[in-house]
Amino acid sequence: GSLELRASQIRDCRKGVHLQDTATSAQCGELTVRGCRFVNCAVAIESAGGHLDVRGTAFEGNDVALRLDASVSGTAAANTLDGPCFGRFSRPLSYCCRGNTFAAEDDSDVTQESEGDSSEEGVAPPEH
């Protein structure tokens, strides 16, 4: 199945959106988030699998914007964050982040121009 959030505001909660794997489904499906605002969430969006596409969304005062299982694919683009995107959690290798704006001083937890390739230590970036 799929879920789409548009122009929604989710605030003051432990998990803003939580897509969980179920016994009847190998993947969680697809979540599309457009023009939303997540405020004061411990984790704004958590997904145990599937496809996640987040664009034009504001993350304000959250402990972590995205907590994603290694199997999650998709893109986070043109979002604004005033805190960590992934925090202590790793970005899945098949998840692309680009064009996001960080208001906070520490944006070291995500490489902005990643195209789904790991920029972590020990893995060379692709040659263009």
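This is a tour of a predicted model, one selection at a time.

Residues are numbered from 1 along each chain as its sequence is written. Because the model is predicted, local features need pLDDT of at least 70 and side-chain atom pairs count only at pLDDT 80 or more, while totals for chains, interfaces and linings use all residues; side-chain values use heavy atoms, with hydrogens and water left out.

**Whole chain**

Start with everything selected and coloured by pLDDT, the predictor's confidence in each residue, from 0 to 100. The mean for the protein is 82, and 74% of its residues reach 70 or more. Now select residues 111-128, where the pLDDT is below 50. Beyond near neighbours in sequence, this stretch has 28 contacts in the model, a contact being heavy atoms within 4.5 Å. Where pLDDT is low, the predicted coordinates should not be read in detail.

Switch to a cartoon view. The protein has eleven strands and zero helices; both are DSSP runs numbered from the N terminus, with helices being H or I of at least four residues and strands E of at least two. Of the contacts with a separation of 6 or more, 30% join residues 24 or more positions apart.

Next, show the surface. The protein exposes about 7,000 Å², and carbon and sulfur atoms supply 46% of that area, as computed by the Shrake-Rupley method with a 1.4 Å probe; for residues, only the protein chains shown count as cover. Buried residues make up 41% of the 128 residues. Buried means under 20% relative accessible area, exposed over 50%, and partly exposed in between (1.4 Å probe, protein chains only).

**Strand 1 to strand 2**

Select Ala-7, in the loop between strand 1 (2-6) and strand 2 (9-19). Is Ala-7 buried or exposed? Its relative accessible area is 68%, so Ala-7 counts as exposed. Ala-7 has a positive phi of about 50 degrees although it is not a glycine. Most residues other than glycine have a negative phi.

**Strand 4**

Move to Asn-40, in strand 4 (residues 37-47). Asn-40 also has a positive phi, near 55 degrees. Asn-40 is partly exposed because its relative accessibility is 37%.

**Strand 5 to strand 6**

Select Gly-56, in the loop between strand 5 (51-55) and strand 6 (58-60). With 42% relative accessibility, Gly-56 is partly exposed. Which residues does Gly-56 touch, not counting those up to four places away in sequence? They are Gly-35, Cys-36, Ala-77, Ala-78 and Asn-79.

**Strand 8**

Go to Thr-75, in strand 8 (residues 73-77). Thr-75 is buried, at 12% relative accessible area. Leaving out residues up to four places away in sequence, Thr-75 touches Leu-52, Asp-53, Val-54, Arg-55, Tyr-95, Cys-96 and Arg-98.

**The cavity**

Last, select Val-54, Phe-59, Leu-66, Ala-76, Asn-79, Leu-81, Cys-85 and Asn-100, which line the largest cavity. On a 1 Å grid over the protein atoms alone, a cavity is a set of points where a 1.4 Å probe fits but cannot get out, and lining residues have an atom within 4 Å of a point. The structure holds one cavity of 30 Å³ or more. The volume of the largest is about 30 Å³, taken as the space filled by probe spheres set on the points, with grid points joined across faces, edges and corners. The lining has six nonpolar, two polar and no charged residues. Here Ala, Val, Leu, Ile, Met, Phe, Trp, Tyr, Cys and Pro count as nonpolar, Asp, Glu, Lys and Arg as charged, and the others, Gly among them, as polar.

Note on methods. On a 1 Å grid over the protein atoms alone, a cavity is a set of points where a 1.4 Å probe fits but cannot get out, and a pocket is an open set with protein on both sides within 12 Å along at least five of seven lines; lining residues have an atom within 4 Å of a point.
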